Amino acid sequence: PGYDALRTEKLAFVSNLSGAPLSDVLGVSLLLPSVEMLYQIVDHVCFPTAAPAETAASARTTGTPADVDSRPSHEADATTRQRTVTSSATTSQTSASAPASASSGGSKPRYTWQQWTLDFFTKMIAILLGVTVLYDTWKQPTVCVPVFLALYAVAWFVCRRRSRPTASDADSMPTRRPGFISFFRAMVMISTCICILAVDFRVFSRDLAKTETFGVSLMDYGVGAFVLLIGMVS
């Protein structure tokens with residue numbers, strides 16, 4: 001009798017799943033970009049990026065026009081040629097030493113354990129709470145939409161103050177793939193793993209589980225997201 005009761009309860013738990021209203025699914029989907037913008041904001045505050053001092057280096061390398069013009073013409077020409085040769089030699093030495101330093105591992109790692117901890121709590125824990133204990137609160141349009149817009153405004157203001165990568169930084173990047181594709185892949189993988197592991201527990205709402213016949217839910221949205229993702233990176 002005990003086994004039959006548990007079996008009946010299990011079948012009732014996984015049967016007759018009709019999903020959730022489309023507004024709830026869209027509200028939960030706003031959780032993914034919201035946690036990414038939250039990460040960018042906290043990352044900028046905790047790990048600010050210093051702007052490169054290109055102006056000072058340029059001034060030390062080339063000097064000022066006034067120093068050249070105040071001298072006689074033949075001395076000015078000799079000084080200009082000497083500075084040009086010195087600048088070319090410095091550039092060649094820098095270009096030759098850059099690959100060696102990169103291959104030897106002398107550069108400072110860009111992803112530290114502090115950033116990993118920040119990444120874990122602002123993304124994984126936030127998504128886990130959003131699809132479990134905070135689902136009934138987050139799915140409401142009066143909650144998810146204002147929070148999303150507020151985070152978007154703050155993230156736009158914070159990220160636009162960061163220095164853009166230079167041409168040399170862009171050449172050193174391992175891939176030319178746009179950043180939003182990597183973000184989309186990461187968010188889809190994280191949310192999929194969390195939902196697959198949480199769907200067998202009661203804390204995970206039945207509205208988010210895969211529908212049995214008709215309807216739409218967050219896990220159905222994940223199937224379509226994977227199809228879109230494979231098409232984007234293929």
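Trainee: Before we go on, what sort of model is it?

Mentor: This is a predicted model, where local features need pLDDT of at least 70 and side-chain atom pairs count only at pLDDT 80 or more, while totals for chains, interfaces and linings use all residues. Residues are numbered from 1 along each chain as its sequence is written, and side-chain values use heavy atoms, with hydrogens and water left out.

Trainee: OK, back to Glu-36. Is Glu-36 buried or exposed?

Mentor: Glu-36 counts as buried, at 13% relative accessibility. Buried means under 20% relative accessible area, exposed means over 50%, and partly exposed is in between, using a 1.4 Å probe and protein chains only.

Trainee: And where is the place of Glu-36?

Mentor: Glu-36 is in helix 3, which covers residues 31-46. Helices are DSSP runs of H or I with at least four residues, numbered from the N terminus.

Trainee: What joins the side chains of Glu-36 and Lys-123?

Mentor: A polar contact of 3.0 Å. That term is for a pair of N or O atoms within 3.5 Å; within protein, one must be able to donate a hydrogen and the other to accept it, and residues adjacent in sequence count only if both atoms are side-chain atoms.

Trainee: Which ring does the charged end of Lys-123 sit over?

Mentor: The ring of Tyr-39, 4.4 Å from its centre. To count, NZ of Lys or CZ of Arg has to be within 6 Å of the ring centre and within 35 degrees of the ring normal. The charged end of Arg-206 sits over the ring of Phe-13 too, 3.8 Å from its centre.

Trainee: New topic: how many aromatic pairs are there?

Mentor: Two. Rings of Phe, Tyr and Trp (its six-membered ring) pair if their centres lie within 6.5 Å; planes under 30 degrees apart count as stacked, over 60 as edge-to-face and the rest as tilted. Trp-116 and Phe-120 are stacked, 5.6 Å centre to centre with 10° between the planes. Both lie in helix 7 (residues 113-130), four residues apart, about one turn of the helix.

Trainee: Why is the pair of Phe-120 and Phe-121 edge-to-face?

Mentor: Because their planes are at 90°, with the ring centres 5.3 Å apart. Trp-116, Phe-120 and Phe-121 form one aromatic cluster.

Trainee: Last one: which residues of helix 2 are buried?

Mentor: In helix 2 (residues 22-29), they are Asp-24, Val-25, Gly-27, Val-28 and Ser-29. What covers them includes helix 3, helix 8 (135-138), helix 9 (141-159) and helix 12 (218-233).

Terms used
Helix = DSSP H or I, 4+ residues; strand = E, 2+ residues; numbered from the N terminus. Contact = heavy atoms within 4.5 Å.
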